[in-house]
Amino acid sequence: MPIIAAGCTASGCHGAERTEEFTLLSYDDVMRHGDVKAGDTRGSKIYGVITTPTGAVMPPPPNEPLSDEQIALVYLWILQGAKNN
């Protein structure tokens, strides 16, 4: 959640002051709208949008993209079951 909060909600896109159609403020929001498939990183929508090399990468400019370390942590989190911890 800290990575999602920093990259997705603090950017103004999916937070309380959202510009997008849904929020990512809670674990349930992330699981539902991020289409997280526990144990299946590459099948999880949220992983796809943070690793897209061009185009619709999230968070969008002018926000800083997630670091390789942050992306790796999201990858591991999903791979290990996407637990609410």
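Searching the whole structure turns up 2 salt bridges. Before I go into them, note that this is a predicted model.

Let me take the pair in the helix. Arg32 and Asp29 are joined through their side chains in a salt bridge, with an N to O distance of 3.3 Å. Both sit in helix H2, 3 residues apart, which means about one helical turn lies between them. As a reminder, side chains of opposite charge can pair when their charged atoms come close.

Are the two partners buried or exposed? Arg32 is exposed, at a relative accessible area of 53%. Asp29 counts as buried, because its relative accessibility is 11% and the cut-off for buried is under 20%.

The other salt bridge links the side chains of Lys37 and Asp35, at 2.8 Å from N to O. Here Lys37 is partly exposed, with 34% relative accessibility. Asp35 is also given as partly exposed, with its relative accessibility at 34%.

Helix H2, where Asp29 lies, covers residues 27-33. What else does the side chain of Asp29 reach? There is a polar contact with the side chain of Thr23, at 2.9 Å. The Asp29 side chain also reaches a backbone atom, the nitrogen of Leu25, at 3.2 Å.

Now the wider surroundings of this residue. If residues up to four places away in sequence are left out, Asp29 touches Thr23, Leu24 and Gly34. One more distance, for anyone who wants to check it on the model: the C-alpha atoms of Asp29 and His14 are 9.8 Å apart, and the two residues are separated by 15 residues along the chain.

Last item, the surface. Which residues make the nonpolar patch? Leu73, Leu76 and Leu79 do, and the patch comes to about 250 Å². Leu73 belongs to helix H4, which runs over residues 68-79.

To recap, the charge pairs are Arg32 with Asp29 and Lys37 with Asp35, and the nonpolar patch is made by Leu73, Leu76 and Leu79. That is what I have; I am happy to take questions.

How values were computed:
Residues numbered from 1 in each chain as written. Predicted model: local features only at pLDDT ≥ 70, side-chain atom pairs only at ≥ 80, totals over all residues. Heavy atoms only, no water. Patch = residues over 30% accessible without salt bridge, like charges linked within 9 Å, V, L, I, M, F, W, Y side chains within 5 Å. Areas by Shrake-Rupley, 256 points an atom, 1.4 Å probe, with all protein chains shown as cover. Salt bridge = Lys/Arg side-chain N within 4 Å of Asp/Glu carboxyl O. Helix = DSSP H or I, 4+ residues; strand = E, 2+ residues; numbered from the N terminus. Polar contact = N/O pair within 3.5 Å; in protein donor to acceptor, adjacent residues only side chain to side chain. Contact = heavy atoms within 4.5 Å. Buried < 20%, exposed > 50% of the residue type's maximum accessible area, 1.4 Å probe, protein only.
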